[in-house]
There are 2 protein chains.
Amino acid sequence: MEQIALTLAAKQTVHPIYVGAQAHASLHEWADLSCKTLILTDDGVPRAHVEAIASQCSNPVIMTVLQGEGAKSFSVFSDVCEMLLSHKFGRKDLLISVGGGVIGDLGGFCAASYMRGIRFINIPTTSLSQIDSSIGGKTAINVHGVKNIVGAFYQPELVIVDPDFLHTLPRRHLNNGLVEAVKAGLIADSALFDLFEQENPYDHLTEIIKRSLHVKQHVVENDPEEKGLRKILNFGHTIGHGVESVYGLSGLLHGEAVAVGMMPMLGSDSLRERVARVFEKIEIDPYKPYDVPQVLEAATRDKKAQGDTVSIIVVNEPGEAIIESISFDRLAQIMREGHQ
Amino acid sequence: MEQIALTLAAKQTVHPIYVGAQAHASLHEWADLSCKTLILTDDGVPRAHVEAIASQCSNPVIMTVLQGEGAKSFSVFSDVCEMLLSHKFGRKDLLISVGGGVIGDLGGFCAASYMRGIRFINIPTTSLSQIDSSIGGKTAINVHGVKNIVGAFYQPELVIVDPDFLHTLPRRHLNNGLVEAVKAGLIADSALFDLFEQENPYDHLTEIIKRSLHVKQHVVENDPEEKGLRKILNFGHTIGHGVESVYGLSGLLHGEAVAVGMMPMLGSDSLRERVARVFEKIEIDPYKPYDVPQVLEAATRDKKAQGDTVSIIVVNEPGEAIIESISFDRLAQIMREGHQ
């Protein structure tokens, strides 16, 4: 028997994120836009944003899908790939996502897969995607209602975060994204949590976004493929994804569900009270009642579940997160009792 | 404007390839098979091979797709992902491809994408896949007849190459794979080419497979994502893929098409004569006539085409390959004249 060992040394890569007012107008300064460029967006994104990007590209094709989670499907994934093929995109051409997390996840997976990877730039237009989903390289589609079950780790060459885009976002959607910033503060940046407690968050949006991105940057750099540390980003998400699976179709948003999932994972009643007051400031109800058996079933079907145990993240003090592995039964108990 | 730089340091990884008679029977010695395991195969693979693998797994699920290139489709890709989901596969579970290049490519892309990557082992059963397609991490499906247009770079944790599997392979399919070994000799291993010239290749199959794998190992290690050097593996494939696109549906095999594509890319008539004699030994016709405009259109639609030029690989002496960038017109001329 002969063993041949294929040894692959991967290179360090750098993926800049530009954050600032009117950042989108400077895209052409940071990226080569002289190639074919597919701008992927949805019909909920203000057309002016899309046109402002397209006008900087030499050879843009705009593809607009229907707004909503439904776009993260095999069917739309194949439509986008077929669009790239029909315009004869090559390996050095570019896909730019302009939209929320759905468009970022879908566009990222298409860019990762078409020709096994073409250039990808992400321009998030919602607070949720600016704060959380646009960086880290997690791209995916959904299958049979299970979120993000098929996808790739694929880093955009560039992310542009323009807080001015948030001016056109409905208040409820703005608040939805801010939940992930509260999460970032709780797991890794007590000063960010202080800012939510002591100030009016709406006066500090750019600062909140930047601090949240720094948290995510730190965590992702230390665990790009979610082998360990990165799990802390799932704080609130085990129950949150379950709640979102069950109530998302009736209109509950991702951040609203995650807020519900965060509360039982806080280490004390006093911290729970402080976090509840922060959520009140940003008009989020973290005590929305839910059907425990239904949510448990959805949460444990979720991809974080491994065998008979599930990872949860616990925060005892703002800025510090602990990863624990617990049984499904214990998770059910935590959900029923409202604390761990 | 603030720039946050996400810096990702990727790790070196090692992917062993075991080559030897009855290697498949030792799979359990090299891999943890105590998890859920999807064995993906097709109805052309002898059932005994599949059973011999499944019997070593604690918890096997066998999925058999229809033999042929048609399995590399969005539809079958989503079927496999849905099968993994319906059996609640988790991130640490395993997919094993048992079959030719189609099954390796399809299974690899599914393993790469399901949960953004689960464990993957490749057990190639044809000469073509043992010699060429099973290592290197290129996985893909086809779209609208364009080969390998959607996929991922994803390395199997283990490849098992068992030359005994070739005993059940029809001679024409055995020869089909040997073309890629001739290619490996021509681009990077003159001793391998000598072996084809001076010996009876069928007496040296294990040696031929090992030498071919060493060539591929060397090239892939130095260019895992096909940025440069790895292009030499495409020797014969620019025209070859075009010929395969046009005549594959009427039964021409990959290696048979690549042999046709190699001849015009040899640097002299004398080398062309030597290579033609080698192909005669393995019952391959490298001078099959083809429709130049049709093949040109298919070849330049192919993914190696970038803008108005196309990369070709030229071999002047066995063991040495040169990468050149030429115009579509020049490629048409080479095809018409039969030499470059």
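Two strands pair if DSSP finds at least two bridges between them; strands (E, at least two residues) and helices (H or I, at least four) are DSSP runs numbered from the N terminus. This is a predicted model, in which local features need pLDDT of at least 70 and side-chain atom pairs count only at pLDDT 80 or more, while totals for interfaces use all residues. Residues are numbered from 1 along each chain, chains are lettered from A, and side-chain values use heavy atoms, without hydrogens and water.

**Exercise 1.** Find what joins β2(A) to chain B.

Solution. Step one: take strand β1 (residues 2–8) of chain B, which runs antiparallel to β2(A) and is joined to β2(A) by seven bridges. Step two: pick A:V14, whose bridge partner in β1(B) is B:T7.

**Exercise 2.** Describe the interface of chain A and chain B.

Solution. Step one: count contacts (heavy atoms within 4.5 Å); 64 residues of chain A touch 64 residues of chain B. Step two: take the buried area (accessible area, 1.4 Å probe, lost on being put together, summed over both parts), which is about 6,000 Å², with 61% from carbon and sulfur atoms. A:I4, A:L6 and A:R116 supply 16% of the area that chain A buries against chain B, more than any other three residues. Step three: look for salt bridges (side-chain nitrogen of Lys or Arg within 4 Å of a carboxyl oxygen of Asp or Glu). The rule finds two across the interface; B:K210 and A:E2 meet in a salt bridge at 3.6 Å, N to O.

**Exercise 3.** Which surface do the copies meet through?

Solution. Of the interface residues of chain A, 98% are also interface residues in chain B, so the copies meet through the same surface.

Note on methods:
Buried area is the accessible area (1.4 Å probe) that two parts lose on being put together, summed over both.
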